[in-house]
Amino acid sequence: MIRRKSLLTKIKITFSITMLLLSTGCYDHVEVDELVYVVSMGIDSGVNGNLRISLLFAIPISIGVGPEPGEVDKATTMITVEAPTIYGGVNIINTVIGKDVNFSHSKVIIISKELAEKGVGKFMNTFNKYREFRPNTFIGIARGTAEEFLKETKPVLEVNPAKYFELLMESYSITGFTTGSTLEEFYKTMECTCMESVAVLLDVNKIESSDEFEGLFKKTQINKSNEGSEGNHKAGEIPVIFDNKANGMGMAIFRADKMVGEMNGRETLCYLVVSNMLGHVLYSIPETDNGSISDDGKFISLRLKQARKSTINVKMNGDVPVINIKIFLEGDILSIDGDKNYFEGEELKELEKYAGEYMRNELVNFLEKTRSEFKSDICGTGRTLKRTFLFWDEWLAFRWSDKYEKAEFEVSAKVSVRRTGMTIKQVPAANMKGE
Amino acid sequence: MSQKIKIGSYETSCLILNMVSYKVILMYPRNVAEYAGNAGWMVTLLGAFLVLILFLIQNKLYKKFSGQDILDVSEKALGEPGKIITGVLLIAYFLIIVPEILREFVEDFKVISLTTTPTSFIAILFCVGMIIGAYLGLESIARIHALAVPVVATAFFLVLALSIPKFDINNLAPWLGLGPKKIFENNAFNIISSYSEIIVIFLIVPFLKKKNEFGAIGRYSIIACGFILFTGTLSYMLTYQYPISTEYFLPLYTLSRSIRFSRFFTRIESAFILIWASSAFLFLSSGLYFIVYIFQKAFSLKYNKPLILPFAVLIFTFSMIPENVSLTMQIHMEFYRQYAWILTILLPIILLSIASARNKSAKNKEIKLNDKKKISLNKN
């Protein structure tokens, strides 16, 4: 009996060890050094209808091991290939490099504007189907070519290229000038019957010296109310000289899967405010002189964030949707160029009222642009209207995207200044010295 | 043998919970979205409610047969042939559903993790787990369920809780989805078929420590299963609006993939695979055990262990028959969703009704016979 028990135990142990060996995956085992990790992928239009696919690979040894810093210049390498499909291109790259390309750590996918205007649906289906593309991978639209953008990307302040791209794409919450567009969110909004997609606008700055800034400002479209504002630029047109010429500002607007237009940084901020995506923003507004914007180029700088979530209500007036949007922002005064003391009493109220009205105008301009120019409900105002429907077929027949083209906007914006920074009063030196 | 095995109410509830709710980590939320649209979450609740009512009817009829399983009841209702026919029907049910689920788990594993491993190799790994489970017997299976189900349930709810930032109430509108007419026209029975594995309660009952808790176990298990299916479906639909909700092959896996908290807490799906594999092993080993148990009982065999290997081979073979994933899903849609309820919910009601009626008429005959005897004795 004892001998039989010990035999059974031996069989059990042998069986368990065999199972452990089998379950380690004889077929699917993979060594990390047999893979090459893509940090970013760019897709451009190639010759004869092909796709030009650029992959930016991470070179782990150059990124640094443990506490040792790596070499920024050698942290990545790039390869470009042309093929009819993305996976066709990947296969060619695998053949050339002798390693297996892996997308599970890729941070951003960049599609050229030219391709985006033709439609990104087929790419989104590709990313959606393949398990290596993660839903949180960012998506951006290159105004020029994605290949050029990746080539010019030099993350001088960050050794880890993956982290660089993550920080760049997430910076919208502290700048307000770009947007957070992930593959999942993009796909969800692209397929949504009540909302349209947006993606970060990316490009390469062509200017070499600050002497060329003037030309840039001439190129930038400026409307009177926000003349001189810092966010009136799009990627590639930012007045900045920096080692890294690749940058992002503004957003690409889509209708279904096709890109229909671009918006600059300031308009993107409006989108973030209405969509409740804003973290905080350093926001400058021109100072007023007796109710009108002064010509002496004086500004008030505020740090703004959302005090309450913005509310959207839609009511149908016949065939016209009346969209009511309420915004409530709060913030601190960072600086005042002029001599006026806005820190208390009536002046503070005046500043709050003025900032609210200024923001309201910007929001109305932004919303009207989405309606009239792009015919694209990127803020998802249709979602609230969808709640009034009971049946899917009724909602589909309603065709919200067509109704949005006739939308009227009622916007109210409130700005509340909570703090005044390290000072609570401004005493102009010029007044005391009689200048 | 069966007299020695004793299972507590908690273990039984855990077993039923896993047997019914495993589908929430497979395609259930997607399937519900497909036939009900945005109203899928309501349909799940409705299904639980209907099954609960049907179970209350079953329970009322069953009270006279306390401690007997469905095969005993069928014998009482239709005699020995009735027992064999019921046994064969239930074996047929399990022999369709277990290989189908085995194949589904295998294919899912192939898509998300073991991409180059042959399907048969993964299926064999699952079969080994099934065989070990079935060899250890119902008591061990139930106890492992009691240990594993709370862990699996905690991990499941954790995944749902971490998805909350992605929820959007607007995704549930339009509220009635495809409309009651479309939902009930072709899918009225789909709704209750989702709970068809509840039949195992009628197979476990002879092994229960407290047989009078049969009703309570059934009620609480249905409520718990309904809650799990409901929360899983609702979370999925709150995250992915219709019709995107019909696109994903593995709804909850997709949901777990999208979880991200800062740069440090990502790729939570690795934990999800563990939940998933545990639930699969528990379901499949229970399924194999019930097949051999029904076969043994239906054909009045002395032992059931020699049946384990042949049935495991059958399950493996059947699971390999569909050429591709689409065919596997077709079997699920055309057999399971349409007809499973007949065998697992309607059949027990019919058998219990017949057995009750026969019981009653037998008692009446006995009373009449006794009366006659008394009269003749009095006459004498």
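Modeller: Beyond neighbours within four places in sequence, B:Leu102 is in contact with B:Ala123, B:Phe126, B:Leu284, B:Ile315 and B:Ser319. Contact means C-beta atoms, placed from the backbone, within 7 Å. This is a predicted model: local features need pLDDT of at least 70, side-chain atom pairs count only at pLDDT 80 or more, and totals for chains, interfaces and linings use all residues. Residues are numbered from 1 along each chain as its sequence is written, with chains lettered from A and ligands numbered from 1 in the order in which they are written.

Biologist: Which residues touch the most other members of the largest nonpolar core?

Modeller: B:Val98, B:Leu102, B:Phe126, B:Ile198, B:Val200, B:Leu284 and B:Leu288, out of 116 residues. Such a core is a set of buried Ala, Val, Leu, Ile, Met, Phe, Trp, Tyr and Cys residues joined through C-beta atoms within 7 Å. Buried means 20 or more other C-beta atoms within 10 Å of the residue's own, placed from the backbone.

Biologist: Which helix gives the most to this core?

Modeller: Helix H11 of chain B, residues 269-298, with 16 residues. Helices are DSSP runs (H or I, at least four residues), numbered from the N terminus.

Biologist: What does the second, separate core include?

Modeller: A:Phe103, A:Ile139, A:Ala142 and A:Met249 are among its 103 residues.

Biologist: Switching to chain A, how many of its residues are buried?

Modeller: 40% of 435.

Terms used: A residue is buried if 20 or more other C-beta atoms lie within 10 Å of its own, exposed if 12 or fewer, and partly exposed in between; C-beta atoms are placed from the backbone. Helices (H or I, at least four residues) and strands (E, at least two) are DSSP runs, numbered from the N terminus. Two residues are in contact if their C-beta atoms, placed from the backbone, lie within 7 Å.
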